[in-house]
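Work through these exercises with the structure open beside you. Try each task before you read its solution.

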Amino acid sequence: MMELTIEHLNKRYGQNWALRELSLRCEPGMLGLVGPNGAGKTTLMRMIATLLSPTEGAIHWNGQDIRTHGQALRQVLGYLPQDFGIYPEFTGRQFLRYLAAMKGLPKSLAHRRVDEVLEIVQMEQVADRKLPTYSGGMKQRIGIAQALLNDPELLIVDEPTAGLDPAERVRFRTLLSSLTRNRIVLLSTHIISDVEAVASRLMILQEGRVLADTTPEALLEKTAGKVWSVTTDQATALQLQAAYQISTMVNQVHGITLRIVSPTRPHEAAVVIDPSLEDAYLLAVGKQTVRV
Amino acid sequence: MNSTALTSTGKLTRAIQRPHPLTRVMTWELRRFCASRLFWLQALGFFCFSLFLTWALHASEGLATVSNNVQISGFVAGTSAGGLLRTLPTVLVVLVLLLPFVTADGVSRDLSRRTHELLMTTALPTWAYVWGRYLAGLVMSLGLALLLLASILGMGGLLHLTVADYPLPQISAVLLLWVGMVVSATVLVSSFGFALGTLLPRRTTLVKIVILLGWIMGAVILPRGLGKTTPPAWYVNWDPTSAITALGMLPQYSFDLRAVTSAAQLQQLILTIENKMPDLAGWFAPHLLLAGFSLVLVLVAALAFKRSRDVLN
């Protein structure tokens, strides 16, 4: 049995609510959590990982409240924080062996498991280098490796691709997608393409509230017929930018091509185009974003 | 990246979980320190400085008198029982200046380094984490205290071989004073620093400053401020810095030099001073009790420690 249930979760910092009335039920598979910065994604991840206590509501792992049975959850938890530190004295291999020991793995199993996770993240060649010599991408891969050490049933990864170059991001997505079998994976990101590539379920958070809890396909379907493309002059482009949500804006030789998210036709020359998940996300959060 | 499968399941891992989490935390914390070149350099630096201090203070008290218009002089060996009462509190200050830096960050270092979240999401029991970190810090602190002992015995032996009439340190006397003064102070400062650093993880610099200033006040400024005044007996017994304790015992080592008429007689007198074992009654047990009390502070810190925090780095 693998089930994560969240009921009416609220979290308040001082006078500010970071999460409001969040309820959720997860079974094996990947749930992508998306939302703008400050939406409450990291707060939610930390509460599930037992690092923060809810102000109200409850989180259950396999039917047990994690406030009273946190240890049972931590035994099957793999967690990659958004921003984690390292021990500069250690090599990558020593760091993983250290965390394997902290996770309670017996020595012989720990050594074998460290070798396995190093292979999974393709770090065998550099595993005996000191951690401070690692690049950002290598450090992230060591981060995911440590999260996999105990073969977790619940894997939480918070903004894992932030700071990675495009090639490393793609590699990381592929890795995450290979890990979704037989476990619950919670992936938090503000990069929509990451979720689009790997998540079977999508939750959009904004200002601590759930805007949508759906599948990428359903969200795309809901957005169909609401994404437009138009090429126009600069003055009209500026008018459209002020009036509509613009997904992308590309300067071309013969004018400016806008990708507009709108339930109605924004311009007589606009034509309907296939929506992307980013368009669907923009429609859901109702926020203007421009990518030039 | 490929998709190598993990060979065993999480259930297997949980079924054969490694026991003794306290030993695990301690061992790895010590291993982490030992992996740092800086740590070894600091330990070596401390040992060399202790050797130097022992050498510099080897004539702990100069004795001189005039008999038949001839000046007779000698000194009490700094590594003898009587000499250590004068030198040990000074050398101890140097050790204590280091101890808060070894232990106060035992837990708070994870917060500042942002490794806290990685550790707190493992199944490691909270008590094992806190006590393991404390014990690792204590072992390192006691290691420094051992280096101090080694420097006293080592330099004492070297001086015995190279300086005329310099006595070989009496191991039993040195050990007793080392346990009563150095070990008790090491446990006290290490525990106090760790407990406060754990309770106030974002104020560890302040914790270190307060401990250092407090010790300098008690070991250096207060004894000088006393002048010729006799300190109260309870303070002599309970002074954690041992500076006042030593001051309180020194009258047992004072002799009337006017009766000395020859160099041989002075040397005999010096030998008596050097070999006279300090009176342990009164202060030895209170010093160990202070060290034991500091363990209660660690217990409080361990009980107050929370895995989950409302504000994380």
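**Exercise 1. Confidence**

Task: State what kind of model this is, then find which residues of chain B have pLDDT under 50.

Solution. 
- Step 1. This is a predicted model.
- Step 2. Take the overall scores. The model has ipTM 0.87 and pTM 0.87.
- Step 3. Turn to chain B. Its average pLDDT is 87, and 90% of its residues score at least 70.
- Step 4. Over residues 1-5 of chain B, pLDDT stays under 50. For this stretch the model has 11 contacts beyond four places in sequence.

**Exercise 2. A sheet with mixed pairing**

Task: Give the strand order of the open sheet of 6 strands in chain A, and say which strands stand at the edges.

Solution. 
- Step 1. Write the order. It is β6-β7-β8-β3-β9-β10 in chain A, and the pairing is mixed.
- Step 2. Find the edges. β6 (77-80) and β10 of chain A each have a single partner strand, so one side of each has no neighbour in the sheet.
- Step 3. From one strand to the next it averages 15 degrees.
- Step 4. Check a parallel pair. Strand β3 (residues 29-34) and strand β8 (residues 184-189) of chain A run parallel and are joined by 6 bridges. Val34(A) is opposite Thr189(A) of β8(A).
- Step 5. Check an antiparallel pair. β9(A) and β10(A) pair in the antiparallel sense over 5 bridges. Here Met203(A) faces Asp213(A) in β10(A).
- Step 6. Look at the link. β9(A) and β10(A) make a hairpin with 2 residues between them. In the turn, Glu207(A) has a positive phi of about 50 degrees.
- Step 7. Helix α1 (residues 41-48) of chain A lies across β3, β7 (154-158), β8 and β9 of chain A. Its angle to β8(A) is about 150 degrees.

**Exercise 3. An antiparallel sheet**

Task: Order the 4 strands of the antiparallel open sheet in chain A, then name the helices that lie across β11, β12 and β13 of chain A.

Solution. 
- Step 1. Write the order. It is β12-β13-β11-β14 in chain A, with antiparallel pairing.
- Step 2. β12 (245-252) and β14 (271-272) of chain A each pair on one side only.
- Step 3. Inspect one pair. Strand β11 (residues 227-232) of chain A pairs with β14(A) in the antiparallel sense over 2 bridges. Trp228(A) has Val272(A) in β14(A) as its bridge partner.
- Step 4. Helix α9 (residues 234-243) of chain A lies across β11, β12 and β13 (255-261) of chain A. It runs at about 15 degrees to β13(A).

**Exercise 4. A helix pair and the chain contact**

Task: Describe how α4 and α12 of chain B pack, then describe the side of chain B that touches chain A.

Solution. 
- Step 1. Read the geometry. Helix α4 (residues 81-103) and helix α12 (residues 263-275) of chain B pack at about 65 degrees, and their axes are 4 Å apart.
- Step 2. Name the arrangement. Angles of 65 to 115 degrees count as roughly perpendicular, and α4(B) and α12(B) are therefore roughly perpendicular to each other.
- Step 3. Find the residues. α4(B) contributes Ala81(B), Gly82(B) and Gly83(B), and α12(B) contributes Ile273(B), Glu274(B) and Asn275(B).
- Step 4. Move to the chains. 34 residues of chain B are in contact with 47 residues of chain A.
- Step 5. List the helices. α1 (10-15), α2 (21-34) and α6 (116-120) of chain B each supply at least two residues of this side. The largest share, 4 residues, comes from α6(B).
- Step 6. Sort by class. The side of chain B that touches chain A has 11 nonpolar, 14 polar and 9 charged residues.

Methods:
Residues are numbered from 1 along each chain as its sequence is written. Chains are lettered from A and ligands numbered from 1 in the order in which they are written. This is a predicted model: local features need pLDDT of at least 70, side-chain atom pairs count only at pLDDT 80 or more; totals for chains, interfaces and linings use all residues. Two residues are in contact if their C-beta atoms, placed from the backbone, lie within 7 Å. Ala, Val, Leu, Ile, Met, Phe, Trp, Tyr, Cys and Pro count as nonpolar, Asp, Glu, Lys and Arg as charged, and the others, Gly among them, as polar. Axes are lines fitted to C-alpha atoms, for helices over the stretch in contact, and angles run from 0 to 180 degrees between N-to-C directions. Angles under 35 degrees count as roughly parallel, over 145 as roughly antiparallel, 65 to 115 as roughly perpendicular and the rest as oblique. Two strands pair if DSSP finds at least two bridges between them. pLDDT is the predictor's confidence in each residue, from 0 to 100.
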